[in-house]
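Welcome, and thanks for taking a look at this one. Please have the sequence and the model open side by side as you read.

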Amino acid sequence: MSDQFAQMAEIPREFMRDGTQFINRCTKPDKREFIKISQAVGIGFIVMGVIGYIVKIIHIPINNILVGAA
């Protein structure tokens with residue numbers, strides 16, 4: 001019984017140890033890396049916006065044709 005308790009108590013300890021190691025290994029990005037990440041995110045936002053706009057432009061006339069015919 002105590003063996004099971006010790007095994008169950010080891011899981012949170014291992015999780016905390018792994019989390020602490022991960023946080024300690026992480027570093028703050030330098031200016032150049034931050035700018036690259038910001039540019040990539042910005043380009044992603046623009047691409048997703050253009051795709052959404054194109055889908056909407058295509059969807060509106062098709063919807064009008066289908067609904068208008070009824």
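Here is a short briefing, grouped by topic.

This is a predicted model, in which local features need pLDDT of at least 70 and side-chain atom pairs count only at pLDDT 80 or more, while totals for chains, interfaces and linings use all residues. Residues are numbered from 1 along each chain as its sequence is written, and side-chain values use heavy atoms, with hydrogens and water left out.

**Overall form**

- The protein has two helices and zero strands; helices (H or I, at least four residues) and strands (E, at least two) are DSSP runs, numbered from the N terminus.
- The radius of gyration of the protein is 26 Å, well over the 11 Å that the globule rule gives for 70 residues, so the protein is more spread out than a compact globule.
- That radius is taken over C-alpha atoms, and the globule rule is 2.2 Å times the number of residues to the power 0.38.
- Along its principal axes, the C-alpha trace spans about 75 × 45 × 5 Å.
- The C-alpha atoms of glycine 49 and glutamate 14 are separated by 43 Å, and these residues are 35 apart along the chain.

**Surface and exposure**

- Of the 70 residues, 0% count as buried (buried means under 20% relative accessible area, exposed over 50%, partly exposed in between, with a 1.4 Å probe and protein chains only).
- The accessible surface comes to about 6900 Å², and 70% of it belongs to carbon and sulfur atoms; the areas come from the Shrake-Rupley method with a 1.4 Å probe, and for residues only the protein chains shown count as cover.
- Glycine 49 lies in helix 2 (residues 31-68) and counts as partly exposed, at 41% relative accessibility.
- Ile46, Val50, Ile54, Ile58, Ile62, Leu66 and Val67 make a nonpolar surface patch of about 680 Å².
- Such patches are made of residues with over 30% relative accessible area and no salt bridge; like charges are joined within 9 Å, and nonpolar side chains (Val, Leu, Ile, Met, Phe, Trp, Tyr) within 5 Å.
- Valine 67 lies in helix 2 and is exposed, at 56% relative accessibility.

**Charges and salt bridges**

- Side chains of opposite charge can pair when their charged atoms come close.
- The count comes to two salt bridges, each a side-chain nitrogen of Lys or Arg within 4 Å of a carboxyl oxygen of Asp or Glu.
- Glutamate 10 meets arginine 13 at 3.2 Å, N to O, and arginine 17 at 3.8 Å, N to O, which links Glu10, Arg13 and Arg17 in a network.
- Glutamate 10 and arginine 13 both lie in helix 1 (residues 2-25), three residues apart, about one turn of the helix.
- Glutamate 10 is partly exposed at 31% relative accessibility, and arginine 17 is partly exposed at 41%.
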